[in-house]
Structure formats: C-alpha cells, structure tokens
Amino acid sequence: MAKVLVSDPIDEAGIKILSQVAQVDVKTGLSPSELAGIISDYDALMIRSGTQVTEEVIEAATHLKIIGRAGVGVDNVNVPAATRKGIVVVNSPEGNTIAAAEHALAMMLSLSRHIPDANQSLKEGRWDRKKFMGSEVYKKTLGVVGLGKIGSHVATVAKAMGMKILAYDPFISQERANQLGCTLVDLDLIFTESDYITLHVPKTKETANLINAESLAKMKPTARIINCSRGGIIDEDALYEALANEKIAGAALDVFATEPLGESSLKSLGSNVILTPHLGASTAEAQVNVAIDVAEQIRDVLLGLPARSAVNIPGLSPDVMEKLRPYMRLAETLGNLVGQLAGDRVESFNVTLQGDLADNNSQPLVVAAIKGLLSKALRERVNYVNAAIEAKERGIHITETRDTTAKDYSNSIYLEATGTKGTHSVTGALLNDGEIRIINLDNYPVNVPPNNYMLFTLHRDMPGIIGKIGSLLGNFNVNIASMQVGRKIVRGDAVMVLTIDDPLPEGILGEILKVPGVTDAYTVTL
Ligand SMILES: NC(=O)C1=CN([C@@H]2O[C@H](COP(=O)(O)OP(=O)(O)OC[C@H]3O[C@@H](n4cnc5c(N)ncnc54)[C@H](O)[C@@H]3O)[C@@H](O)[C@H]2O)C=CC1
Ligand SMILES: O=C(O)CCC(=O)C(=O)O
C-alpha cells in the first residue's frame, strides 16, 4: 500500500480521502533535515506553509511521486528540484481565496478603527473612547497590487463599501479590470495616490522587496499598507523605519520574511501595526476546501490518474485527459521508436500534431513524445514531469508544429529526430479500436503495428532482396511476425519493416548489410 506523509495540520476531510488508498502518517513540526531523514519511506507528501521542502528533502525522496500543498503559494517547495526528479507538485488554487481576501479586508478595517488595541484596552479595564478615533474607508482609494483571485475579491468587496480602486497587475487585461470596476495604473501611482495598499502577488524575484524604503517614501503620510500575500514582499526594516517615523500611518501584516516571526522591531510598535501569525487561510471552510482539493489530487496521482492543479505539469480536466490518454501512448511509442532510429546525442526533435490533435489542449502529447524519446537513455527516471527539463538539459532543440489538416487519418502524430544516425521520422495514428499503427517511416508509407522487437532496412526495391533477408533471419532462427515494404516508386528506394518475436541475435545486422541492394539496417526494441 502507498504511504503518505502529512507534515502540517490538515483538515480531517483530507486525511479520510487519503486513507482510501494509502497508509497516512501525520508528523508535524519536522525540520528539513528531519523530513529528509524519513521521506524515502513515502510516496506522497501533503503540506501547508509550515513545511520547507528543500533540495535536501527532494534529494532524499527516493519514492516520492507527489507533493500536495494544501493552499496556494508553493514558495516553500523547491519546485525546480522536484521537477527535475519527476515529482508532481500540486496546490489548491482556489480553496482559500475567500478566506485570504476576507482576512485582508478585516485587516484594513481593523487598522482604520484600531480594533485590536481598543479591545485590548477595554479588557485591561479602560473605557477610552477618545484614543481610538478611527477613519472611514468609504470614498478612500484602495491600491490593489496583484489583481488575481484574492486581489479581485478584495477589490469587489472594497468597491461595494464605496472605495475607489486602483490596481497594478501587468498580467491582467484592461477588460478584466473594467469588469471589476478598477482603474489599472502603474505602480508609482498606487504608491502616491492610495490611502490603503493591499498586496496580493506571489513571491517572485520581481516582487521581493517590492515595498522598500524608496516606495514607502512615495506614500501619503496617511497611507496604510496590508500584506496578506507573502513575507519578503515588504522590506520589514524599511517598513519599521517608515512607521516609527510616521512616514506612513499604519501596516497590517499576516506574513513575514521569516516565519514564525521571532525577534522583530515591528512588535515594538503601537496601534499603527497589526500582526497576525499567517492566518489568511485559517477558516474552517478554507481548510476543508484545500484539504479535500489536494487530498483528491494525491489520491488520483497514486492511482495513476492525472492531477487537476499541478504546478509543474500542464493540468487538464478529466474529460480532456480521457480523450488524450490513447494518444499519449501513441506519442510515447513513436518518440521511443524515432529516438532509437536517430541514435545517440539527439540534437533536434520536432513534434507535429495533426488533425484534431492540433488544438491547444494537446500539449501533454508533446511531453509524452519527449518522454518516449528519452526513455532508452533514462528508463524509468524520465516521466511526464521531468521529460521537457531533461531534454533541455541535454541540449535537445524541441520544436512543436500544429497542422489542423487531417491526412489519411483524422488524428496523427509526426515525429522527426536528428542524432548520431542522422535524421529519421515516423508518423503514427490510432485505429478505431485504439490500436497503434505506424503509417509512415522516413517518408515511406507503411502500415505496421509497433512490436517489442523490430527490424528496419533501407534498400533498393529489386527482385529477391526480401527473400534473401527472410532466409538470413531463418538461418539465425528468428521468427518473423509481420513484414511490410514501403516504397515511393517501383524499383526505387524502399524501406522494409519487420516485426520479430525475439531480440535480433548478435551479428545478424552485419550480415543483412552485406546483402546487395541493402543500404542500411537497424533494430529497435520498444
Ligand atoms: N496569507 C495567507 O494565508 C494566504 C496567502 N496567499 C498568497 O496570496 C497571493 C495571491 O494569491 P492568489 O490571488 O490566489 O494568486 P493569483 O495567482 O490568482 O493572483 C496573483 C496575481 O499576481 C499578479 N502578479 C504576478 N506578478 C506580479 C508583479 N510582479 N506585479 C504585480 N502583479 C503581479 C498575477 O498576474 C496574478 O494576477 C499568493 O502569494 C498566495 O500565496 C494565498 C492564500 C492564503
Ligand atoms: O496553509 C496556510 O495556512 C497558508 C496558506 C497560504 O499562505 C497559501 O495558500 O498560499
């Protein structure tokens, strides 16, 4: 039975789903080296933001197939290392959207009305109605940085409260911003015009320290900033300086450069700062959503099914995947075949998807073809997750072509590879019953099913040549299962494809090459 390690607190609903297909161990609070020490026992790992899945952990993960992040941000997972190792990383892109957006809105209102400090003061025995004079958000300007799922919900609710919304997101269309009633502006205008700024971007090279001494200096003295996205997007030292010197009016932070937040000058500030311990996703509803979403994906991957929200392979809906599945097998088989024909050190590989396969949903077929191409060299080390990266690391130049015109078959895949044995090509299609047919080889029309052992010859189409090759194989006790000749013109160049029952014995290729008229011969094992 498969084994799943759950290394952060996850709702019971997720554990129940995992238990249907695996033994589930819950061990929380592990350091990266403790995790690295036990991870080789597990097929799947389910985490929230508390676990750091470092390169060291991934190195040690000899059986791991999937890492499931019960939440959005995967910045606590070394995704490139997981990808290189062929480990799928999945998340729950929408399960906690509302929770995080509502937390940001709660932070904004709490800052405006000093709710945390007023509550504290009253509980300490005071009734201070003067000290906690607030300000309204109505008619104020909210600058939203990152107009994705969470940012959009914040903008929608803030708009309903009568706020004017400015937004900065270089990847969002004007049309989407208009739908949300936001004005798209550049970042400088967000800084100079906003009364409140709320951050909803992922942590990337571009967003690290996006809010720094320079940007803080541009803000109004009455501005308040809210960060419920990721720590490290605000330079905490610069923020402390700006707050302590009243350059801005307030800040509410749910996330920190280092978590848990240890010693920090921010803790010494007064009611102008609200700090929460990464609670954005901490609602009962969100935790059920993300636990179910991610546990279902782990269950599916352990059962050999695709994941719907993989961050390192294209995610596909189950019905699209159902349609593509037989073609994945076709693409992989053809990739394996053409890879062996082209020989070692493949430099270039072209994948042409023809007919209905030429639509945008068929990207996984390209990956499957690359996986097939590399399978001789990498065996089980190559999979759908790491195939493209392995090809890139080997310097193979991959090109993709899409051709909507159906040829003899409504859907077919053409592959061409160049390696130490020159340039070779193969085209394949599926019959109605799903059986694979090789329909073209090195531009010669053929019609053969692939077989474990295959022999190909290039020769002059002339009387007697097929008989000679047949007798040679007979002399070596090789049983021929099928034989096909493909030629473009009578007595011109031709290709012969033989499927045979056993591996070709040593020495026979040399004998075949001695047959007059044979120009090349090679074997393939699928
Ligand atoms: N505090 C918490 O507990 C939670 C935090 N989060 C964090 O919130 C953030 C946003 O999450 P979602 O809205 O679900 O993600 P999303 O992917 O839907 O939206 C992110 C938006 O940021 C934009 N963006 C990317 N780079 C940008 C840049 N350099 N400048 C401006 N915009 C940029 C993208 O175009 C996208 O529209 C993530 O970092 C996520 O990890 C999410 C859930 C809970
Ligand atoms: O797991 C959590 O509570 C944090 C959620 C979060 O930060 C995210 O989903 O990106």
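1. Helices are DSSP runs of H or I with at least four residues and strands are runs of E with at least two, both numbered from the N terminus. Met107 is found in helix α5, residues 97–113.

2. This is a predicted model, in which local features need pLDDT of at least 70, side-chain atom pairs count only at pLDDT 80 or more, and totals for chains, interfaces and linings use all residues. Residues are numbered from 1 along each chain as its sequence is written, and side-chain values use heavy atoms, with hydrogens and water left out.

3. The protein contains 17 helices and 22 strands. Its radius of gyration, 31 Å, is well over the 24 Å that the globule rule gives for 526 residues, so the protein is more spread out than a compact globule. The radius is taken over C-alpha atoms, and the rule is 2.2 Å times the number of residues to the power 0.38. The C-alpha trace spans about 110 × 45 × 35 Å along its principal axes.

4. An automatic or database domain assignment gives domain 1 (2–95 + 286–314), domain 2 (97–275), domain 3 (316–450) and domain 4 (452–526). Between the C-alpha centres of domain 1 and domain 4 there are 50 Å.

5. Met107 has 3% relative accessibility and therefore counts as buried, a term for under 20% relative accessible area (1.4 Å probe, protein chains only). Beyond its neighbours within four places in sequence, Met107 is in contact (heavy atoms within 4.5 Å) with residues including Ile226, Cys228, Leu253 and Ile274. Thr457, by comparison, lies 350 residues from Met107 in sequence and 73 Å from it in space, C-alpha to C-alpha.

Conventions: Chains are lettered from A and ligands numbered from 1 in the order in which they are written. Buried means under 20% relative accessible area, exposed over 50%, partly exposed in between (1.4 Å probe, protein chains only).
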